[in-house]
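Please look at the structure below.

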Amino acid sequence: MRILNIAVLASGSGSNLQSLIDKQNEGYFNGKIVLVISDQKDAYALVRAQKNGIDQMYMDRRNYDDNEAYNLALIEKLNTYNIDLVVLAGYLKILSPTFINSYHQKIINIHPSLLPMFGGKGYYGIKVHQAVYNQGVKVSGATVHFVEEGVDQGAIIIQKAIELDDEWVATMIQKEVLKIEHQILPLAVKYFCNGQLKIVENRVLIRRNK
Ligand code: GRF
């Protein structure tokens with residue numbers, strides 16, 4: 001089976017990127033991270049890529065007239081690497097419809113809640129976990145989903161839940177949920193690379209016999 005070319009887009013520390021790099025090194029999935037792009041100059045994700053010999057680049061949105069121009073530049077870059085899968089690992093910019101159509105059903109995102117709860121516009125980073133805490137829900141978790149138009153929309157690939165300890169404040173919930181993210185994102189990549197995922201309407205069916 002061909003090894004798939006993976007691009008990771010990240011805006012922050014890149015701990016999810018790191019989990020992918022670690023799993024890739026173990027041969028956990030049939031893919032290779034060939035490019036990491038960040039919209040943030042100081043994103044530690046870029047350093048992680050560099051340390052692991054992965055091509056990386058900072059693309060400053062301010063160098064482009066509008067979001068569409070920025071997205072066209074992203075597409076052009078990804079095309080030069082023959083990318084099969086785009087992983088959004090803490091990427092905070094909204095991808096344009098043109099981008100999403102160019103990589104139709106080839107973009108996945110990790111979100112730190114059990115979607116559709118605590119998702120959508122404004123739910124990112126610690127804000128997600130603060131909302132979970134304020135709501136007093138007893139479980140939270142993480143979701144990997146295909147990316148479609150609309151923030152945090154798209155067919156769900158994997159979800160994993162954890163029970164919340166009454167003592168946990170938002171930062172502790174974040175820490176625990178992150179551990180789950182580091183498990184399910186590589187797993188989703190593995191399923192994708194093996195061709196185990198099939199989208200039927202808004203549902204993702206996973207063929208588990210591989
Ligand atoms: C993660 O919680 C991810 O779910 C969210 O942004 C955070 C990124 O963390 N989309 P990291 O940069 O991978 O450490």
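**Loops, ligand and pockets**

Q: What makes the place of P116 a loop between two named elements, and which elements are they?
A: P116 lies in the loop between β5 and α5. Helices (H or I, at least four residues) and strands (E, at least two) are DSSP runs, numbered from the N terminus. This is a predicted model, in which local features need pLDDT of at least 70 and side-chain atom pairs count only at pLDDT 80 or more, while totals for chains, interfaces and linings use all residues. Residues are numbered from 1 along each chain as its sequence is written, and side-chain values use heavy atoms, with hydrogens and water left out.

Q: What kind of peptide bond joins L115 and P116?
A: The bond is cis, with omega at about 10 degrees.

Q: Which residues surround the ligand?
A: The surrounding residues are G12, S13, G14, S15, N16, G90, I110, H111, P112 and E181. A residue is near a molecule if one of its heavy atoms lies within 4 Å of it.

Q: What makes the ligand count as sitting in a pocket, and in which one?
A: The ligand sits in the largest pocket. To sit there, more than half of its atoms must lie within 2 Å of the pocket's grid points. A pocket is an open set of points, on a 1 Å grid over the protein atoms alone, where a 1.4 Å probe fits, with protein on both sides within 12 Å along at least five of seven lines; lining residues have an atom within 4 Å of a point.

Q: What is the volume of the largest pocket, and which residues lie nearest its centre?
A: The volume is about 860 Å³, taken as the space filled by probe spheres set on the points. The lining has 39 residues, of which G90, Y91, L92, I110 and Y124 lie nearest the centre.

Q: How much space lies in the second largest pocket?
A: About 180 Å³ lies in the second largest pocket. L115 and P116 are among the residues that line it.
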